[in-house]
Amino acid sequence: MKKVMPPYRIKVVEPIKWNTREERERLIEQADFCTGFLKAEHIPINLETDSGTSAMSQDQWAGMMQGDESYFCGKNWYHLEKAVQDFTGYQYVLAAHQGRAAENIVCSCLINEPGGYSPANAHFGTTEVHARRLGIEPINLYPDEALDTQINRPFKGNIDLDKLEDMIKRRGAKNIPFLNMVLTNNFTGGQPVSMSNLKAASEIARKKGIPVVIDSARVAENAYFIKHREPGYENKSIREICREIYSYGDIMHMSSKKGALVNMGGLIATNDKALYERMGAMLIQFEGYITYGGLSGRDLEALAIGLNEGLEYDYLHHRISQVKLFGDFLKEKGVPFYEPAGGHGIYVDGLMTYPHIPKEELAAQAVCIQAYIESGVMGIENPSSLGWSRTDPETGKLASPPFELIRYAIPRRVYTDSQLEYAADGIKDAMDLGEKVKGFRIKWVPENEFLRIFQYRLERLT
Ligand SMILES: *Cc1c(COP(=O)(O)O)cnc(C)c1O
């Protein structure tokens, strides 16, 4: 295979402080085996998230110097507004300090009363929480193929259309404030949604008057997969594909900390003027004036530039190829992961890696912690029973998610192939220890179930 070369050179470097196996063993134990309590300086290869971890370009840094910090209507706002209009085809644009702030506003303005349901291909964690806070039950409608980590299909991020139709019939359209489509789907291994699936889901929802929300954190990566995997899109540009995606939605929100290549920022856009006005009024309460939404002028400029860079084909081609390469390194070594490689990371299958550790003893977390101890690479359990178990409203019992995965998310433009090869070796070393590695018992989790994702205290079983 021909190697895909990065379309950039490295101009500024951030030194990594390496630590020893003994130090890591002590540090992670001191943190009660919780990744969220470990100091970042102690993680040499940090693959916990692709959120806010991108390297900015020289143009973005130069743009930061052009920040107009006037309170109202600074020039950077207009650069951002235009960048968003061009890429989405939506006329009305708002900024927010990050994705969940944008979601808060979108969900609060679309959900008028409690008691309903929101269907999705699979809600992102923060969307799930906003829905619940507003009295709505989030329902994930993944197709059966998405539940099998080992089958290789092109669009495992899709929503199951039959389940969607059935759900609307059973629950009633008036009890469904929106359909939530997440591109790509973080919950199922960072897999893409096909254009035909999005279009069909959108038709089903809109026919019943249900608005379609497009959760867009990694939409450019999704567009890249459509171009390469869906017949009829080979010759379309990433921008053309994004425009078509948004033609099937009524509103988009975005954590710009992912595909828009900035360290902080969020966006909302729509063509619905009345909705935009309602959201604008709320934005002023929670984020700031409608021409900055919680961001400084320099951040708006970096975001405008980063959004455009994130849509460039050469950048995306290298990005997706690098994630796949990391998957290839793991595959060569026999480490099982959610197939095929996702857009923003590789999700190692905890139960297959450590078949001797059951779900209740937190197999995914055991792999995650052991790989850190062996090599200094850190991922995050996502989704797994540790962070993602929830009380089932019907049975009242704690139900675990359908997967036991460790997500190794690749920050954009940050790590070299050789660092990723080293990380794959570390995961393989952890796997090879086999039954020497024991599972965990939960000592403490916060009462708020959502916070389990980042805060818990564990004890190693003996
Ligand atoms: C990260 C993310 C969010 C939340 O955004 P934050 O910037 O972390 O607040 C929402 N949806 C998706 C799909 C995301 O990846």
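Predicted model: local features only at pLDDT ≥ 70, side-chain atom pairs only at ≥ 80, totals over all residues.
**Figure 1. The protein chain as a whole.** The chain folds into 16 helices and 16 strands. Along the principal axes, its C-alpha atoms fill a box of roughly 60 × 55 × 45 Å. A compact globule of 462 residues would have a radius of gyration near 23 Å, and the protein chain has 21 Å, so the value agrees with that of a compact globule.

**Figure 2. Inside and surface of the protein chain.** Of the 462 residues, 59% are buried. The accessible surface of the chain comes to about 19200 Å². Carbon and sulfur atoms account for 51% of that surface. Among contacts in the chain with a separation of 6 or more, 73% are between residues 24 or more positions apart.

**Figure 3. The shell of residues around the ligand.** The ligand is surrounded by 13 residues. The closest of them are Q98, R100, D215, S255 and K258. By type, the shell divides into 6 charged, 4 polar and 3 nonpolar residues. Helix α4, which spans residues 99-110, gives the largest share of the shell, with 3 residues.

Figure 4. The side chain of K258 has an N or O atom 2.6 Å from an oxygen atom of the ligand. For the side chain of Q98, the distance between an N or O atom and an oxygen atom of the ligand is 2.8 Å. At G99 the atom concerned belongs to the backbone: an N or O atom there lies 2.8 Å from an oxygen atom of the ligand. Taken alone, the ligand exposes 380 Å², and the protein buries 98% of that area.

Figure 5. A55 sits in the loop between strand β1 (45-46) and helix α2 (58-64). Its relative accessibility is 26%, so A55 counts as partly exposed; the cut-offs are under 20% for buried and over 50% for exposed. Neighbours within four places in sequence are left aside in the contacts shown here. With these set aside, A55 is in contact with Q60, R412, R413 and V414.

**Figure 6. A55 and L405.** These two residues are 350 residues apart along the chain. In the model, the C-alpha atom of A55 and the C-alpha atom of L405 are separated by 26 Å.

Definitions and conventions. Residues numbered from 1 in each chain as written. Heavy atoms only, no water. Near = heavy atom within 4 Å. Polar contact = N/O pair within 3.5 Å; in protein donor to acceptor, adjacent residues only side chain to side chain. Areas by Shrake-Rupley, 256 points an atom, 1.4 Å probe, with all protein chains shown as cover. Helix = DSSP H or I, 4+ residues; strand = E, 2+ residues; numbered from the N terminus. Nonpolar A, V, L, I, M, F, W, Y, C, P; charged D, E, K, R; others polar. Rg over C-alpha atoms; globule rule 2.2 N^0.38 Å. Buried < 20%, exposed > 50% of the residue type's maximum accessible area, 1.4 Å probe, protein only. Contact = heavy atoms within 4.5 Å.
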